Number of protein chains: 2
Amino acid sequence: MTNSETAVVVKANGYGLGAPSVARVLAKAGARTFFVAAAEEGVILRSTLGPGPKINVFSGHMDGDTDIMRGSNLTPMINSVDQMLRHLETLPAAPFGIQLDSGMNRLGIEPEEWSAVRDIALSQNPTLIMSHLACADEPDHPMNAHQLKSFREMTDGLAVPCSLAATGGALLGPEFHFDMTRPGIGLYGGMPFADAQHVVTLDIPVIQTRKVSQGETVGYGNLWVAKQDSIIATIAAGYADGLIRAMGNGARLYADDIQIPVIGRVSMDLMTVDVSHLHDVPTTLQLLGKHQSVDTVADFAGTIGYEILTSIGTRYARTYIE
Amino acid sequence: MTNSETAVVVKANGYGLGAPSVARVLAKAGARTFFVAAAEEGVILRSTLGPGPKINVFSGHMDGDTDIMRGSNLTPMINSVDQMLRHLETLPAAPFGIQLDSGMNRLGIEPEEWSAVRDIALSQNPTLIMSHLACADEPDHPMNAHQLKSFREMTDGLAVPCSLAATGGALLGPEFHFDMTRPGIGLYGGMPFADAQHVVTLDIPVIQTRKVSQGETVGYGNLWVAKQDSIIATIAAGYADGLIRAMGNGARLYADDIQIPVIGRVSMDLMTVDVSHLHDVPTTLQLLGKHQSVDTVADFAGTIGYEILTSIGTRYARTYIE
């Protein structure tokens with residue numbers, strides 16, 4: 001969709017999907033620049049990818065990071081004057097990028113600080129100058145134009161590659177693309193990239209089924225009361241597996257294309273569902289897949305698809321299909 | 001607090017704290033019976049604990065579990081007639097327990113099924129008969145007496161060790177203790193065991209601080225607007241680290257004993273906090289510790305301490321103090 005480089009964001013263990021597996025596939029597809037949140041994530045990624053690709057670290061060069069930055073050849077996105085001094089002092093010949101704050105006030109060097117340090121920073125040949133948008137998933141939000149203007153004012157005329165857009169920003173149009181976009185969620189099937197294909201399928205084993213009579217209760221706090229005689233299945237996943245406890249009323253799984261409502265409280269390792277309307281109860285029920293995206297499941301829990309992905313637990317067996 | 005055996009529940013990776021480290025300490029303290037949710041968790045635990053202790057699996061003997069049950073000498077808590085047939089057929093000489101449903105309708109053999117299979121089950125010498133309470137954290141809830149009565153009716157006179165109570169049940173009094181209690185959350189500093197000491201300390205590094213002027217916004221969606229000139233710190237943890245995104249208004253961390261309010265949206269790898277009132281910003285701020293329990297943090301997110309614990313992410317460096 002762009003004429004600039006597409007870098008890929010694999011922080012938070014590849015948005016919960018397994019950074020090594022995800023990164024290998026993306027490298028094979030041509031990605032040459034990877035972003036992680038923390039230096040420790042970069043170490044794992046370097047051992048996965050080998051020496052070629054560039055690995056950029058959003059949190060920059062934090063106290064204690066120097067040895068692993070050097071050892072794994074990571075490129076910190078320097079966020080502050082403090083970090084710049086630390087980097088130039090401890091790893092003077094090592095690559096670095098610059099993260100500017102264009103208005104989100106979360107990470108990055110402020111415009112006034114940038115005026116003060118840009119000459120010394122540029123003399124050290126930064127590999128990238130980047131910033132991040134606060135409201136990119138709301139295309140009409142005036143913050144987008146405001147941040148674009150601020151980023152331009154800080155970077156116009158500089159002979160350094162620039163990047164402003166993640167998934168949402170890439171969708172805002174070419175003026176947001178600069179030399180590199182950095183999609184994350186859009187790679188993994190989540191909004192705001194509405195045309196994303198579904199990436200994750202999550203099937204949960206059924207442990208057992210039981211009949212409950214009208215008036216019987218199910219689960220913690222007797223939360224669910226049977227309005228009629230019903231068949232209830234208990235399935236082997238709960239909030240310790242990332243099925244956020246706030247998920248409840250209105251949440252559902254699928255047996256093929258038949259909706260299966262969640263009933264009662266999500267507990268730590270288990271959930272209960274109403275399978276009264278099934279002829280045969282299959283061995284697994286599907287939470288994520290072609291019928292239901294991470295964003296639909298996020299709605300059940302009052303959150304966003306990103307949190308559904310990063311919460312996916314470690315007890316699931318993971319199979320990767322290339 | 002009891003005259004019966006105290007078994008320990010270390011499912012969900014020891015309630016998020018690291019099952020191997022937790023189990024080693026509990027074994028040293030005298031625990032001889034451990035509970036996990038799934039057979040796969042039992043495999044890890046067996047390699048940690050060696051051949052001595054008993055490892056019980058709440059989800060019973062599921063399809064596909066046979067080889068690892070045998071290989072790691074796990075004891076399934078049989079939940080259904082189907083599971084009993086599977087177990088007796090595939091591992092006829094291997095130990096097993098029985099999980100009965102006394103009213104929660106989540107896991108366990110129903111009273112009528114139990115009448116039908118108890119003779120054959122008892123002839124195979126089960127190691128334990130257990131059930132689980134749905135409302136144990138509400139001492140006055142009539143469900144507790146109801147489940148106690150149901151469990152007694154199913155087990156009275158049997159020469160098999162019995163267990164009904166987890167943390168909440170143990171606090172309901174001796175008639176709930178039977179031969180074994182199975183505390184989980186109470187081991188890890190969470191309610192309903194109000195006298196629990198704090199177990200987890202969570203310190204989060206500060207990445208950078210910045211001045212924001214009155215009227216400036218911070219974070220995704222411009223959610224927070226500065227009512228006055230402020231100093232904002234960005235810290236290195238977010239919802240991918242288990243700091244549930246629903247946490248927001250009213251959430252706080254600590255710098256020593258000074259409260260530090262969370263502002264704006266919790267993002268994937270980062271949070272922003274207001275440190276305007278600090279003379280010096282320390283290198284870390286504390287979310288969990290002596291000032292603030294998992295239950296307090298759970299209140300910030302509208303959930304329970306259990307979910308805070310099991311959500312604690314893998315990017316934290318973990319240090320265990322014995």
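The two copies meet through the same surface, because 100% of the interface residues of chain B are also interface residues in chain A. In this model, which is predicted, local features need pLDDT of at least 70 and side-chain atom pairs count only at pLDDT 80 or more, while totals for chains, interfaces and linings use all residues. Residues are numbered from 1 along each chain as its sequence is written, and chains are lettered from A in the order in which they are written.

Now for the contact itself. On the chain B side there are 48 residues touching 48 residues of chain A; contact here is C-beta atoms, placed from the backbone, within 7 Å. These elements of chain B each supply at least two residues to that side, with helices (H or I, at least four residues) and strands (E, at least two) taken as DSSP runs, numbered from the N terminus:

| Element of chain B | Residues |
|---|---|
| Helix 1 | 11-15 |
| Strand 10 | 202-212 |
| Strand 11 | 217-218 |
| Strand 13 | 230-235 |
| Helix 10 | 305-311 |

Strand 10 of chain B gives the most, with 5 residues.

As for how the copies are arranged, a rotation of 180° with 0.0 Å of shift along its axis puts chain B onto chain A, at an RMSD of 0.0 Å. In chain B, the C-alpha nearest the axis belongs to B:Ser311, 3.8 Å from it.

Note on methods:
Copies are superposed by least squares on the C-alpha atoms of residues with pLDDT of at least 70 in both.
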